[in-house]
Amino acid sequence: MNVTVVGAGISGLATAFVIQQRARRLGLNINLRIFEKDTCPGGKIRSEWSDGYLCEWGPNGFLDSKPMTLGLCCEAGLEERLLPSNDAARKRFIFSHGRLQRVPETAGDFFRSSLVSWPGKLRLAGEILVPRRKDDADETLADFVRRRLGQEALDQMVGPMAAGIFAGDPETMSLRSCFPRIHELEQQYGGLIRALLLLARKKRAERRAGKAVAGAAGPGGVLTSFAGGIQELTDGLARHLAPNLHLAEAIAAITPLKEGFSLQTGQGRVYETEVLVAAVPAMALAAQIEGFSSSMAAHLRQIPYAPLQVACFGYRKDAVPLSLDGFGYLAARRSGLHSLGTLWSSSIFPGRAPEGHVLLRTMFGGATRPDAADLSADEVRARIQEDLLRTMSIKQMPDFVKIIRHSTAIPQYVSGHSARLKVLEGKLSAYPGLILAGNAFYGVGLNDCVASAGRAADRVLTLLQQRYRH
């Protein structure tokens, strides 16, 4: 039986690997193929060594709190290469009011911090009095934060976080799709502070009983990568799948058959498959299915992508006045910076810069700066140097510069995203062998992609077992 995965980014590779491993254990005989338009697998995950610096094109790691990703690493034989981040990575900063301010980690730290003014702190503390929203509207992140926490919390804390995770604009981001846990807390407990108090009490009780419970703030965990960069994950998966990988072979069109699908490549070759997993960007899938479902293609094109340019700057340590004891910083809204923030990469993981040097990684663009993709490398470099002078007092020219342009970097889950997914899922029911994976639908992070891959693999194996029984 033919099973095909289109797209060899982390979602496609993880899906194919899980299908391969489970099919073997179940004794299912399948012909697995993975098609990738690029000459190398991995998608936006790429770890590039240059002049002794390690530049990450996309994500620089994953949080180890999700067992599925760690399990994937172990099953692929990569556990001995795992590299936890340094302790300094727990210290995070916001550039606000002309200076770097550490993000508070406890309630006491928050009230001692000057990141939010005292009126802003009182407004935030008053969240416990704000009633639960009772209608079912898909509220934007900005509207939710203003309603429950106030404008200052949005500008100083939540807005920068949204930019750092999604490169997103909180004024358009769907709270329910981007931060489902926060939406659930309001619905379940009536508010965030109330949820924190009740969950803390529950956590203490369950800890005494030898159990564990998720915290209100989210998954947490330690940022983890590999000694040679996060690309070791996709390279490791690709090695297991090498005989099944068709690189530099793009799928141009998908056509439904009576049982399965016909795939036409850009080179004119045609393949048939009973089961098809689409793990490509939404707009790429829209082009592939346009011929048989213009309606589904139109819904896929409604998922926008934010542009991003990633700039890696290398300096001698003595050229940087700060100690770089931390993860890096994000820019508060209205901070006046050109960039979204800068990670202190050589402080997060060892071996990311030559001895006596440091590596900084700046994100430029995002949903609030859609013109970013149009700027030249020289323009990006000049604007980032202005920002580094303001934020870190770096006056010298960098010894090393690498700028990576992503015209479609991160899918944006704007208000109405969940409704669009329901429509897509309804239309997909007419094509039971077509399964969606990837970061355009159910989460943009690496852990989200691995979780989506697991669900896609489950559906594939269920279909295969049903067909084998018949």
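Predicted model: local features only at pLDDT ≥ 70, side-chain atom pairs only at ≥ 80, totals over all residues.
Biologist: What makes W118 count as exposed?

Modeller: The cut-off for exposed is over 50% relative accessible area. W118 has 51% relative accessibility, so W118 counts as exposed. This residue lies in helix α4.

Biologist: Which residues of α4 are buried?

Modeller: In α4, residues 118-125, the buried ones are G120, K121 and L124. They cover an arc of only 100° around the axis, and therefore sit on the same side of α4.

Biologist: What does the face of α4 turned away from its buried side carry?

Modeller: That face carries W118, P119 and L122, which are exposed.

Biologist: Which residues form the nonpolar patch on the surface?

Modeller: F111, W118 and L122 form the patch. Together they have about 360 Å² of accessible area.

Biologist: What makes β6 a partner of β9?

Modeller: The requirement is at least two bridges. Three bridges join β6 to β9, so these strands pair as well. They also run antiparallel. P84 stands opposite T224 in β9.

Biologist: Why are β5 and β6 called edge strands?

Modeller: The sheet is open, with three strands in the order β5-β9-β6. β5 (62-63) and β6 (82-84) each pair on one side only. The pairing in this sheet is antiparallel.

Biologist: Through what do strands of a sheet pair?

Modeller: Through backbone hydrogen bonds, in either a parallel or an antiparallel way.

Biologist: What makes you say that both faces of β9 are covered?

Modeller: L223 and S225 are buried on one side of β9. T224 and F226 are buried on the other.

Biologist: Next, A167. Is this residue buried or exposed?

Modeller: Buried means under 20% relative accessible area. A167 has 4%, so A167 is buried. The residue lies in the loop between α6 (151-166) and α7 (175-178). Phi of A167 is near 50°, a positive value in a residue other than glycine.

Biologist: Why is L324 called buried?

Modeller: The cut-off is again under 20%. L324 has a relative accessible area of 5%, so L324 is buried. The loop between β15 (305-316) and β16 (328-331) holds L324. For L324, phi is near 60°, also positive in a residue other than glycine.

Biologist: How do you know that D155 is buried?

Modeller: D155 has a relative accessible area of 11%. Buried means under 20%, so D155 qualifies. D155 is in helix α6.

Biologist: What does D155 touch, not counting residues up to four places away in sequence?

Modeller: D155 touches P160, A332, R333 and R334. Contact here means heavy atoms within 4.5 Å.

Technical notes
Residues numbered from 1 in each chain as written. Heavy atoms only, no water. Helix = DSSP H or I, 4+ residues; strand = E, 2+ residues; numbered from the N terminus. Buried < 20%, exposed > 50% of the residue type's maximum accessible area, 1.4 Å probe, protein only. Arc of directions from axis to C-beta. Patch = residues over 30% accessible without salt bridge, like charges linked within 9 Å, V, L, I, M, F, W, Y side chains within 5 Å. Areas by Shrake-Rupley, 256 points an atom, 1.4 Å probe, with all protein chains shown as cover. Salt bridge = Lys/Arg side-chain N within 4 Å of Asp/Glu carboxyl O.
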